[in-house]
Amino acid sequence: MESERKLKRALKSGKDLEQYLPAFLQECASTNQMYAGMSFIIHYYNLYEAILDKEWTLEKEKKEYVKKLNDLISENLLETFDGNKRESAIKTIHQIRIEITKKMQILTTYTDRFLLYEYVLNRLELRFEDHLEEVNDEAFSQELLTYIFDTKDNVVINRKIQEMLSQLPVRMTKGRFFDLLRGSLSIYLEMDVDAVEDYIYMLRCAAGIYYVKEEKEYYPTLSKTLTLFKMEDYRELSKENYELLSQELKTAVEQVTKETDFYYNLQELCNVFYALLLNYPYASTKASQMLQELLPVIKEIITEFEQETFKRIEERTVRLFEKTEGKLEELAQSVLKQQGILNEIKESHISKVNSMMLGQLLECLLLSEKLLSNSLFVELDTKENVQPKKADREYLEQRIKEISEEFAEKLKEQPQILNRAMMARVLKEMPVFFQDQKEVLDYIKTSLSSCRDREEKIASIRLMKELMKEGV
C-alpha cells in the first residue's frame, strides 16, 4: 500500500507523521475489515453446513450460543449501522469468547486424563489374548535405534525420542524421574517467568493434574466416566470390565472430540466477527462494499435459522464465494505485513498517535491483530507494556519444590500402572535429556529388560512399531 511506504519513511525520519499516519491506520482498518468480513462469512457458512450435516448435536446451550450470534449478526450487519448496538455486540462477543475458552480448557483437561487411561488399557489389552509373539529385546532395540537416527535432522530425532519415551515401558525410579523434572525446569533460570509457567502448565496437563473448578458442572457425564476409571482395580481387571471401560473410553473420546470441534469452530467465528465489528466504523467505503456483496449468504442462513427449515443454501448464493477466490490469501499477507509497523507505532510513537486523537483506532487495530492471529484462544485482557519478570534461582527453586510435591502426592495415591502412564506422558513433554546414541540405546535396553510384564512389553513394542511404520 502506498501509505505504508510513505509512513515507513516518516517513521524512520520522525517527520511528516501527521500527514501519513491517519491514512495508514485507515488502510489497516480497511484491510482488517475485508479480511475479517470474508473470513466471517466463510466460517458462518461452514458452521451452518456442519449443523445441516449433523456433525454436532445442538442441545440447549449450543442453540443459545448460535441464537445469540445470529441476533448480533442480524442487528449489526443486516440493519442500519448503530454505534450503540456495535458496542453492545462487542461486549457480548467478548464474554462469549471467555466462556468458550473456559469450556475448551475443561475439555482439554478431560482429554489429558483420558489419554492416561488409554495408555493403561493399551498395556492391559493383551492379558486377554491367547497367542502372543516372542520378543527379541536386542533386535528390537537396534531396530528402534536405527529408526530414531535415520536422519541428521535434530528436530526429527528429538521428536522420535519423545515418542519412544511415551510408548516404551517406564521402569524408571521416582528419584530419577524427579531429577529429570528438576533438570528440565533448571534450564529456565533467568528466562521470563511466563515461559516457566507455560512449561509447568504443559507438564501438569500431561500428568492429568491440571483442573478447572467448574468441570463437573459443565460435563457431568465425562466426570462419571472418569470416576469409573478411578474406581477400577487394574491388577484384577476382568475381560468383561476391560471391554466395558474400553467402550466407555470410546464414547467419552467421541463426546470430547465433537464438543471440541464445535467450540473450536465457534471461536473461529467469534474472533473474525469481533474483528469485523472493531474495524467497521474506521474502514473505507470500498472495504465495506466488499462485505455488502456477500451479505446475501448471511441473509439466507439467518432466514433458515429463524424459520428452522434448515435447507441447503441456494447454488446461486453459494456462487458469491467466487468473489473471494485469491483475495483472502492476499489480504492475509497484508494483515501480517502491517502488524510489524503497528507494533513499531505503539512502541515508539504512541504519544503522537494520542495527540492526533488516533489512540482508539490504534487500540482496535492491535486488538484485531490478536483476534486474526492463529492463536484462537489468545487472552485479550492482558496488560500491555508490562516488563516481563525473570525467573531467578529463588523463584525457580520454589516452583520446582511445588510441582515436585504435587507430582509426588499424585504418584503416591495412584495405582502403579497409572503412575507409569503419567510419567511416560510427562517425559514426552520434557526436553530430550540423552547426550548421545549410546545413552538412547541403553535406555531402550533397560526399559525392555526391566519389564517383567510380558503383555505390557509386547503391547508397547506393537504401539512403537505402529508409530515407526507411520514415520512419526
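**Entry 1: terms and model**

I note first that axes are lines fitted to C-alpha atoms, for helices over the stretch in contact, and that angles run from 0 to 180 degrees between N-to-C directions. Helices (H or I, at least four residues) and strands (E, at least two) are DSSP runs, numbered from the N terminus.

The model is predicted: local features need pLDDT of at least 70, side-chain atom pairs count only at pLDDT 80 or more, and totals for chains, interfaces and linings use all residues. Residues are numbered from 1 along each chain as its sequence is written, and side-chain values use heavy atoms, with hydrogens and water left out.

**Entry 2: the chain as a whole**

I looked up the secondary structure and found 20 helices and zero strands in the chain. Along the principal axes, the C-alpha atoms fill a box of roughly 75 × 60 × 40 Å.

Next I looked up burial, where buried means under 20% relative accessible area, exposed over 50%, and partly exposed in between (1.4 Å probe, protein chains only). Of the 472 residues in the chain, 49% are buried.

Then I turned to contacts, meaning heavy atoms within 4.5 Å. I took those between residues at least 6 apart in sequence; 84% of them join residues at least 24 apart.

**Entry 3: α4 and its partners**

With helix α10 (residues 220-231), the axes come within 11 Å and cross at roughly 35°. The crossing of α4 past α10 is left-handed; a crossing is left-handed if the near helix is turned anticlockwise from the far one by less than a right angle, and right-handed if clockwise.

Which residues meet here, α4 against α10? On the α4 side I listed Y110, R113, F114, Y117 and L121, and on the α10 side L222, S223, T225, L226, F229 and K230. By class, this contact has seven nonpolar, two polar and two charged residues. For the classes, Ala, Val, Leu, Ile, Met, Phe, Trp, Tyr, Cys and Pro count as nonpolar, Asp, Glu, Lys and Arg as charged, and the others, Gly among them, as polar.

The other partner is helix α11 (residues 239-279), which packs with α4 at an angle of about 155°, the axes being 8 Å apart. That makes α4 roughly antiparallel to α11. The cut-offs are under 35 degrees for roughly parallel, over 145 for roughly antiparallel, 65 to 115 for roughly perpendicular, and oblique for the rest. I read the crossing of α4 past α11 as left-handed. The contact of α4 with α11 divides into 23 nonpolar, seven polar and five charged residues.

**Entry 4: R86**

Is R86 buried or exposed? R86 is buried, at a relative accessible area of 8%.

Leaving out residues up to four places away in sequence, R86 touches N76, F81, L277, L278, P281, Y282 and C364. For L278 I also have a distance: its backbone oxygen lies 3.1 Å from a polar atom of the R86 side chain. I also checked L72, which is 14 residues from R86 in sequence and 8.7 Å away, C-alpha to C-alpha.

**Entry 5: α14 and α16**

Helix α14 (residues 327-348) packs with helix α16 (residues 359-371) at an angle of about 135°, and the axes are 11 Å apart. The two are therefore oblique to each other. The crossing of α14 and α16 is left-handed. From α14 the contact uses Q339, L342, N343, I345 and K346, and from α16 it uses L362, L365, L366 and E369. I sorted these residues as five nonpolar, two polar and two charged.

**Entry 6: L396**

I found L396 in helix α17 (residues 393-413). L396 counts as buried, at 4% relative accessibility. Apart from neighbours within four places in sequence, L396 is in contact with L185, S186, Y188, L189, V196 and A391. I noted V196 in particular: L396 and V196 are 200 residues apart in sequence and 8.3 Å apart in space, C-alpha to C-alpha.

**Entry 7: two loop residues with positive phi**

Most residues other than glycine have a negative phi. I looked for exceptions. K54 has a positive phi, near 60°, and is found in the loop between α2 (17-52) and α3 (60-77). K54 is exposed, with a relative accessible area of 69%.

F310 also has a positive phi, near 50°. I placed F310 in the loop between α12 (285-307) and α13 (315-318). F310 is partly exposed, with a relative accessible area of 35%.

Conventions
A polar contact is a pair of N or O atoms within 3.5 Å; within protein, one must be able to donate a hydrogen and the other to accept it, and residues adjacent in sequence count only if both atoms are side-chain atoms.
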